[in-house]
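Work through the exercises below with the sequence and the model open. Each task is followed by a solution in steps.

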Amino acid sequence: MTDYRFDDIERRWQERWAAGRTFEVTEDPARPKYYCLEMLPYPSGDIHVGHVRNYCITDVIARYKRMRGFNVLHPIGWDALGLPAENAAIKRGVHPEKWTRDNIAGMKRQLLRLGFSYPWSREIASCDPEYYHWNQWFFLRMLERGIAYRKKAPVNWCPSCQTVLANEQAEGGECWRCHSKVEEREMDQWFLRITAYQDELVDDMAQLPQWPERVLQQQRNWVGRSHGAEVDFPVEGGEPLRIFTTRIDTIFGATFMVVAPEHPRVEEFVRGSSDEGKTREAIQRLRGQDRRARQAGQVEKEGVFTGRSATNPFSRERIPIWVGNFVLTGYGTGAIMAVPGHDERDFEFARKYGLPIRVVIQPKDRALDPAEMEAAYDGPGRTVNSGAFDGLDGGEASRRMTADAEKRGIGRGAVTYRLKDWLISRQRYWGTPIPVVYCEKDGIVGVPDDQLPVELPKDAPFTGEGGNPLEKVPTFVQAVCPRCGGPARRETDTMDTFVDSSWYFYRYLSPHRAEGPFDPTAVRYWFPIDLYVGGIEHAILHLVYSRFWTKMMRDLGLVTFDEPVTRLFPQGMVHKGGEVMSKSRGNTVAPDDMIKAYGADTLRLYILSVAPPEDALEWNDQNVAGVHRFLHRVWGLLDRHAATIAGETRSPVPAELSPVARSLRRKVHQTIRRITDDVEERLKLNTAVSALIELEHAIADAEGALAETKERPVFREALETLVLLLSPFAPHVGEEMWERLGRRFSVVDRPWPVADAGMAREDELELAVQVNGKVRGRITVPAQAAEDDVRRKALGDPKVEEHTRGKEIVKVVVVPGRLVSVVVR
RNA sequence: GCUGGUGUAGCCCAAUUGGCAGAGGCAGCCGACUUAAAAUCGGCAAAGUCUGGGUCCGAAUCCCAGCACCAGCACCA
């Protein structure tokens with residue numbers, strides 16, 4: 001037998017694919033299309049196991065769909081701008097561009113070595129000026145429409161990355177990249193008005209039935225839409241104070257108000273009160289509390305009475321206005337009506353400061369007594385102590401009270417959102433320059449389209465001494481105002497790299513197009529993306545931005561649909577030793593080592609077989625040996641017979657078959673059906689691999705009986721089918737075996753086998769017979785036996801009779817193809 | 001704290017969605033090959049499904065209560 005020299009085999013076919021441009025595709029209206037997308041990698045230097053898992057899944061699907069007759073687009077590129085390149089420049093004196101290009105070259109080599117079916121002519125890198133040109137072009141279109149704008153706002157500053165971050169990138173008060181604690185700073189920054197699409201982002205989820213609910217849930221939480229009402233509370237000696245509430249039905253229970261320490265009217269309320277000085281001091285202290293901790297509710301509730309009072313516009317009661325650290329600016333109006341009887345936070349605050357608690361919602365089953373209550377009641381019930389509104393359920397009370405407030409001109413239904421506009425400016429070099437200049441005369445002026453791209457200067461100094469390197473390049477900063485021709489200062493902020501990834505999947509369609517970001521005809525053919533596979537960690541960053549970007553492009557008239565991705569499939573993480581595999585934990589596995597030891601086909605097969613693609617994968621070096629042995633056995637099997645099969649005329653499978661042949665054929669067709677089901681809808685690639693192994697076992701078992709007989713056509717069919725079914729998973733072995741079977745290059749264009757239902761059907765079945773739940777006998781019946789015959793045979797079985805003799809048969813359940821259950825008394 | 005997911009041989013995972021708990025792999029044991037070892041090949045053994053209740057002829061699967069782990073959300077008024 002010849003050795004399984006995976007290294008030689010894999011390289012040979014990789015070269016052949018490259019030379020034959022096997023995976024290049026163009027639009028072909030005659031064939032159905034399939035756009036199979038994976039998340040493009042950041043060129044950090046190494047492909048890691050998480051990438052491999054992602055790309056193995058998409059590669060199997062891409063190859064499978066191609067065999068099913070689809071015109072498949074399965075592209076790859078590089079998310080090539082971003083901080084690590086610049087940090088490397090500071091640390092090691094390598095230019096970010098060189099660092100990035102070198103990393104891309106190395107990682108590309110790794111991807112090629114894994115045999116992924118990419119159309120490399122479509123490769124893109126976001127650091128190419130020909131790519132970020134279009135970031136700038138989009139930015140200018142958004143600037144024209146007020147979607148991009150500049151404003152001063154409190155923003156998240158990462159002291160370690162020396163730049164501001166978007167809200168999404170500073171969750172929990174930590175920088176998403178380096179986990180430093182972010183600081184709040186008041187700065188002039190560029191924003192994209194994603195909030196213009198906040199309703200669509202939620203409502204269009206109805207168009208995404210093939211997205212996992214947990215991702216949609218996360219996005220829904222992030223947008224944080226909440227329906228309620230705004231109500232103005234009259235303030236003694238001042239303008240009314242506006243609050244937002246989702247529980248206007250409890251307004252009669254509002255016994256005090258609370259404003260955030262930063263509320264603009266705090267000073268007005270405090271001025272002239274009896275304890276002015278002390279109050280101010282207390283408020284100052286509340287302001288000094290850590291804002292993040294306050295938001296997260298990790299700080300004990302504290303407050304102070306401002307000295308001023310307001311009137312509850314429904315109960316007409318005089319109620320005090322407090323300042324409290326649990327009320328936040330930037331959500332609602334920064335002021336609340338406090339209903340301690342029915343809101344946990346208000347209850348806690350009221351108990352602490354001895355403020356009155358009133359019950360205005362009465363549950364069905366018990367009576368609430370404010371003096372006895374240990375917690376707020378926020379369940380359902382009917383309104384009480386609510387004047388003309390008594391006796392209503394919550395929904396009805398809210399509707400009527402809102403209508404009443406509206407009629408009196410003191411309130412209205414209102415919707416609030418948690419989502420903030422997307423802060424996209426970064427004070428760093430290695431990003432897309434924001435294409436505007438500041439002119440003394442004309443203010444902010446966009447760079448004209450014909451002057452794009454604004455390219456990054458090559459000679460910026462990377463000292464690491466604070467400040468954006470771009471500011472230190474006079475030839476970059478000094479500009480001419482496109483409008484008046486006078487001197488202007490060029491913007492030195494660059495764009496968030498999430499801008500690049502928000503639309504890269506459109507650029508794959510026309511990667512070098514100079515007239516626009518993409519060819520609309522190609523978009524009409526290829527979009528939407530049929531399958532998008534990637535890490536779940538992008539659920540609210542990249543995937544929200546991408547949805548926004550498509551909607552924005554739609555409003556520019558560039559596309560005609562609302563959503564770019566039909567089916568999203570988040571793959572599971574890779575763990576080792578029970579922990580997420582990551583550089584920082586030092587538990588990573590290098591794909592290169594695996595390839596060297598076992599080959600790419602083994603690595604691919606292993607990573608797919610060990611767990612369902614959506615589950616966490618627990619890495620275990622020893623398990624790799626298992627699939628490697630499987631490939632060895634396949635190799636041996638083919639090695640023994642390929643030459644014979646290749647050398648003879650292909651005769652048809654005989655109609656009359658021996659039991660062994662019949663059984664092998666059945667297994668072949670059952671396997672086709674199983675793997676097709678597993679791959680097609682459920683993406684259960686792990687069980688598909690198991691089915692391949694089973695088929696190999698079955699073929700090996702029949703080898704002695706069939707290989708050298710006139711029934712060899714059955715054996716040949718089995719081997720050919722095994723190769724075809726295996727080829728999307730282990731494509732190099734697939735090609736090699738296909739060739740050795742005497743068939744033409746390439747297996748990637750062979751039609752996927754079709755299961756013959758008749759062939760797959762069992763002739764006879766063994767059924768268990770249960771008596772009172774215990775298996776007492778077994779009967780063999782023809783597969784299509786009538787229920788009555790099965791029943792008769794089951795009851796006639798001697799072992800069964802032993803247990804039914806002399807007893808009354810109460811019931812006989814026949815489950816066709818499964819078992820018979822007899823109940824006796 | 002809330003929501004969702006998961007819990008099956010020593011380990012990773014299956015079980016046609018209520019029908020005989022086992023497809024596949026790892027590890028283990030036995031054997032073949034080998035001077036020997038590794039690699040390779042063949043075979044064997046192993047859990048009654050996290051716990052406790054319930055429904056049913058029949059439950060890993062459905063229901064109730066709890067436990068463990070994972071993920072997301074969490075003063076958002």
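Domain bounds here come from an automatic or database domain assignment. The model is predicted: local features need pLDDT of at least 70, side-chain atom pairs count only at pLDDT 80 or more, and totals for chains, interfaces and linings use all residues. Residues are numbered from 1 along each chain as its sequence is written, chains are lettered from A and ligands numbered from 1 in the order in which they are written, and side-chain values use heavy atoms, with hydrogens and water left out.

**Exercise 1. Overall layout**

Divide chain A into its assigned domains and describe its extent.

Step 1. The assignment gives domain 1 (32-134 + 498-591), domain 2 (226-416), domain 3 (596-760) and domain 4 (764-824).
Step 2. Between the C-alpha centres of domain 2 and domain 4 there are 70 Å.
Step 3. The C-alpha trace of chain A spans about 105 × 90 × 50 Å along its principal axes.
Step 4. Helices (H or I, at least four residues) and strands (E, at least two) are DSSP runs, numbered from the N terminus; chain A has 27 helices and 32 strands.

**Exercise 2. Pairing of strand 32**

Which strands are joined to strand 32, and in which direction do they run?

Step 1. Two strands pair if DSSP finds at least two bridges between them.
Step 2. Strand 29 (residues 764-771) runs parallel to strand 32 (residues 819-824), with 4 bridges between them. Here leucine 819 is the bridge partner of alanine 768.
Step 3. Strand 31 (residues 809-815) runs antiparallel to strand 32, joined by 6 bridges. Valine 814 has valine 820 as its bridge partner.
Step 4. Strand 31 and strand 32 form a hairpin with 3 residues between them, and glycine 817 in the turn has a positive phi of about 80 degrees.

**Exercise 3. The surface near RNA strand B**

Describe the residues around RNA strand B and the contacts to its phosphate oxygens.

Step 1. A residue is near the strand if one of its heavy atoms lies within 4 Å of it. There are 47 residues around RNA strand B, of which Tyr331, Arg345, Arg418, Arg629 and Glu694 come nearest.
Step 2. These residues divide into 17 nonpolar, 17 polar and 13 charged. Ala, Val, Leu, Ile, Met, Phe, Trp, Tyr, Cys and Pro count as nonpolar, Asp, Glu, Lys and Arg as charged, and the others, Gly among them, as polar.
Step 3. Sugar or phosphate accounts for 62% of the RNA strand B atoms within 4 Å of the protein, and bases for the rest.

**Exercise 4. Burial and cores**

Is histidine 628 buried or exposed? Locate the nonpolar cores as well.

Step 1. Buried means under 20% relative accessible area, exposed over 50%, partly exposed in between (1.4 Å probe, protein chains only). Of the 825 residues of chain A, 55% count as buried.
Step 2. Histidine 628 lies in helix 20 and counts as buried because its relative accessibility is 11%.
Step 3. A nonpolar core is a set of buried Ala, Val, Leu, Ile, Met, Phe, Trp, Tyr and Cys residues joined through side-chain atoms within 4.5 Å. The largest has 188 residues, of which Trp422, Trp549 and Trp619 touch the most other members.
Step 4. Domain 1 and domain 3 each give this core at least three residues. A second, separate core of 53 residues includes Phe252, Phe256, Val327 and Leu355.

Methods: A polar contact is a pair of N or O atoms within 3.5 Å; within protein, one must be able to donate a hydrogen and the other to accept it, and residues adjacent in sequence count only if both atoms are side-chain atoms.
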